[in-house]
Amino acid sequence: MKSDYIVTEPSTPTSARLAPKLAIGAGIFAVAFYLAGERTQDKPETQARTPPAQNEISLVARASDTRSLLDDIAPISSAQAAVAPPNAALTDTGRSSAALQDLATQAPPLPPEPAEEANLVRLESRELVVKNGDSLSILFDRNGLKPIDWMALAKLDGTAKRLLRLRPGDKLMLGLDDQQRVAALDMRIDDTQTLRIRRDDDGKFQQTLLVDDLSVREVAVEGVIENSLFLSAKAAGLSDRLTMELTDIFAWDVDFALDIRAGDRFRVIYEELYRDGKLLKEGNILAAEFTNRGDALRAVRYVDSDERAAYYAPDGKPMKKAFLRSPVDFTRISSRFSMGRKHPILNKIRAHKGVDYAAPRGTPIKAAGAGKVVFAGNKGGYGRVVILQHAGKYQTLYAHLNSFRRGIRKGVSVSQGDTIAYVGMSGLATGPHLHYEFLVGGKHVDPLRVKLPSAPPIASAEMERFQSQTATLLAKLDDFAPTTGNALVASAGENPGQP
Ligand SMILES: [Zn+2]
């Protein structure tokens, strides 16, 4: 018997946009399964049942000239078939079962196809969730499945070898026949790829790799900082992760620990990635503007011809510079959320040639720039001190340390951002804080205000490419048009790929 499989689910409408794929899908894959409602997780089921329960996959085997991968699954009787009214038909569209579910929920109904009822095949669905220490055999064993199936699956090569490297949290969607043999298996491998295995006419497993297209939507948000960068960003619709990324982009120019003021503003254009019309995750920040004390800084993401992505100022100079503005992670600064006061951070003392960052004892201190340790030891009232010599005439000094990082001693080279020591209150200090000094040619300068050497801009050969690829984004920062939040778009069920 040659048969085609369509999925039936009583109350499910079918999609208009499914229609063109229906024809394609039917030719490529003969099997689809669709899960109705809640699934039972990782719980052995001992028999296929009718009428279809919530955790069953209903497959209709339709006599047709389409090649079937599941011919060896015995059709159930037409009496049983009548139990599941096949009023909503879905064929495999080359998508995962989860995607099918998405499609199914958006679909207008198709007319019933009563002729198919004679050849209905029903697979029981089972979702296996991989736990710590699981192998394919352990997983199958625990779920009462037959060794012959995992043995055959384990012999597959190519993408299916992933089944031999299961990770906790992996989900195997199985379709089991009435002998509790695996007839179908879907496993999502990453955000876009699904491994699909079907048993063919000869009882052999055949695999396919399904690839989802992600659609990308640009989102634009802006906000004004009132009390807290994070709170204002959240109010503007920016996640904490993107807010951190925003501060990372500007970390060489703005000291987010000491320099943020009420009234500072930000504009961010970033990507949202959608799979089947549903928000999958946030992508990269594409362009951003941060206005700190009236100075507007801009950054744009650029992927150069060697596929390296980095953020640049509009003139092509890298945002990344020789020195970080702040040698401590601003989120560790104890009063990071209390802005708007005149001196937002405790003990901001310029007179004594440095800047103090109040932070809990043990907070890691980062090398502001790449350099070499020229001093690591005690210096009177400064307590424990590290001094770094950087390229050219620059030195940075870190005082009142609780301890040095292991391996930090005179002569050792460090990279920018390396942890060199930990905040403490050694020497003459009234509370745990980092005392930080910046020296140019042996003279103290204000680390918050010093003009730092700028890195060379994008190579001139690449400049034209940079300008043509970033012009649109930079224009969007000029003509800023905030977009609605992702929740609205997602619930509208529209393809959000284009505005
Ligand atoms: Zn100080």
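The following legends describe close-up views of a predicted model.

**View 1. An open sheet of five antiparallel strands.** The strand order is β9-β10-β11-β12-β13. Pairing in this sheet is antiparallel. Strands β9 and β13 (309-312) stand at the edges. Each has a single partner strand, so one side of each lacks a neighbour in the sheet. From one strand to the next, the twist averages 25 degrees.

**View 2. The pairing of β10 with β11.** Strand β10 covers residues 265-275, and strand β11 covers residues 278-292. Ten bridges join these two antiparallel strands.

View 3. Helix α8 spans residues 460-478. It lies across β9, β10, β11 and β12. Relative to β12, helix α8 runs at about 140 degrees.

**View 4. Val300 in strand β12.** Val300 sits in β12, which spans residues 295-303. Val300 counts as buried because 27 C-beta neighbours lie inside 10 Å, and the cut-off for a buried residue is 20 or more. Neighbours within four places in sequence aside, Val300 is in contact with Ala287, Tyr311, Tyr312, Pro314, Thr470, Leu473 and Leu474. Met319 is 19 residues from Val300 in sequence. The C-alpha atoms of Val300 and Met319 are 9.0 Å apart.

**View 5. The largest nonpolar core.** This core holds 66 residues. Val268, Ala288, Ala299, Tyr357, Val386 and Tyr398 touch the most other members. At least three residues of the core come from each of domain 2 (214-321 + 455-499) and domain 3 (323-453). A second, separate core has 20 residues, including Leu123, Ala183, Leu185 and Ile197.

**View 6. Contacts of Val268.** Val268 belongs to the largest nonpolar core. Leaving out neighbours within four places in sequence, Val268 is in contact with Val221, Leu238, Leu242, Leu246, Ile285 and Ala288. Among these contacts, Ala288 is also one of the core residues that touch the most other members.

**View 7. The buried side of helix α6.** Helix α6 covers residues 229-236. Its buried residues are Leu229, Ser232 and Ala233. These three lie on the same side of α6 because they cover an arc of only 100 degrees around the axis. Their cover includes β9 (214-224) and α7 (240-249). Just after α6, Gly237 takes a positive phi of about 100 degrees.

Conventions: Residues numbered from 1 in each chain as written. Predicted model: local features only at pLDDT ≥ 70, side-chain atom pairs only at ≥ 80, totals over all residues. Helix = DSSP H or I, 4+ residues; strand = E, 2+ residues; numbered from the N terminus. Buried ≥ 20, exposed ≤ 12 C-beta atoms within 10 Å, placed from the backbone. Contact = placed C-beta atoms within 7 Å. Arc of directions from axis to C-beta. Core = buried A, V, L, I, M, F, W, Y, C linked by C-beta atoms within 7 Å. Domains from an automatic or database assignment. Pairing = 2+ DSSP bridges. Axes fitted to C-alpha atoms, helices over the stretch in contact; angles between N-to-C directions.
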